[in-house]
Amino acid sequence: MTTLDYLELIRMWAGWALLAVGSGALVIGAMGLFRLPDFYTRAHAAGVTDTGGAIGVLSGLIILSPSALVAAKLAVVLAVLLFASPTACHALARAAFRSGLRPQLDGNVPPPARPLD
Amino acid sequence: MTQRLLFASVLAALWLVLSGHFSPFLITTLILSVFAVMALIIHLGLLGQAPRPLAALGPLLRYWAWLALEMAKANGAVIRAVLQPSRISPTMIWVRADQESELGRALFANSITLTPGTITVLVEYHHILVHALERDGATDLAGGRMGRRCARIDALLTGRTP
């Protein structure tokens, strides 16, 4: 085998490893949606799918992609996702809080009031 | 002006990456559409007002690298919490957002939501209501490391001394 073959092999393994890590994060994020108790804690599980899952799968695909153009397109998707998904998550949480859904907090305390300064 | 040129080149790069063709017809439509979109955006006043958009580029890239590490750590913590739901201790706190510009506060609020385990619920001027899955996440945010980093980038963008 030549050096180029070795590089190709490393690229393939790195890509598949990232894909596997990302898929694992996706599965655990989906599990969290069922196992955690209320809306807000479930949103944290969705955060794992949005970050670990998306970054793992998309960066794996970027490494495995056949041409630079495909890689660049996937990078655009990843960049848009990293700006859009926290915004969407915040919009959901804000809408829930504004419409009166109160989170179950540790020790059954109510959410703190806004500081006055 | 730098900001307009920068935004136009980002638009052009996006067009080129998404099309992948370099024929004269597509290059002409590229130029026409970038001009049309820039005219619309300037007319509507949608372009931000950061006076020195390039000054923060290096620190912003370093911040994103740091944020990626924080995200990896936070992902681990939330994954442990999902596998063992009895560990969670949901907490809500108000965190101070000392960033001067709206862009700086948006950067901070988005970074909080992007790290799993903490979510920005409300943003009111210089206060952010955060929901944390575990109490450690809340105390970490209250410690203000992330806020200080965002404030430094915000200061570079607005051209004030940090």
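Welcome! Start by selecting chain A and colouring it by burial: of its 117 residues, 28% are buried. Keep in mind as you look around that this is a predicted model.

**Stop 1: the fold of chain A.** Switch to a cartoon view. Chain A holds three helices and zero strands, so read from the N terminus on, the order of elements is α-α-α. To pick them out one by one, select residues 3–35 for helix 1, 39–64 for helix 2 and 68–98 for helix 3.

**Stop 2: the outline.** Now zoom out until the whole of chain A is in view. Along the principal axes, its C-alpha atoms fill a box of roughly 65 × 25 × 25 Å. The radius of gyration of chain A is 20 Å, whereas a compact globule of 117 residues would have one near 13 Å.

**Stop 3: contacts within the chain.** Residues 24 or more positions apart account for 61% of them.

**Stop 4: where chain A meets chain B.** Bring chain B into view and select the residues in contact. How many residues does the contact take from chain A and from chain B? There are 35 from chain A and 32 from chain B. On the chain A side, helix 1, helix 2 and helix 3 each supply at least two residues. Helix 3 of chain A gives the largest share of that side, with twelve residues. Finally, colour the side of chain A that touches chain B by class: you will find 21 nonpolar, nine polar and five charged residues.

Terms used:
Residues are numbered from 1 along each chain as its sequence is written. Chains are lettered from A and ligands numbered from 1 in the order in which they are written. This is a predicted model: local features need pLDDT of at least 70, side-chain atom pairs count only at pLDDT 80 or more; totals for chains, interfaces and linings use all residues. Helices (H or I, at least four residues) and strands (E, at least two) are DSSP runs, numbered from the N terminus. The radius of gyration is taken over C-alpha atoms; the globule rule is 2.2 Å times the number of residues to the power 0.38. A residue is buried if 20 or more other C-beta atoms lie within 10 Å of its own, exposed if 12 or fewer, and partly exposed in between; C-beta atoms are placed from the backbone. Two residues are in contact if their C-beta atoms, placed from the backbone, lie within 7 Å. Ala, Val, Leu, Ile, Met, Phe, Trp, Tyr, Cys and Pro count as nonpolar, Asp, Glu, Lys and Arg as charged, and the others, Gly among them, as polar.
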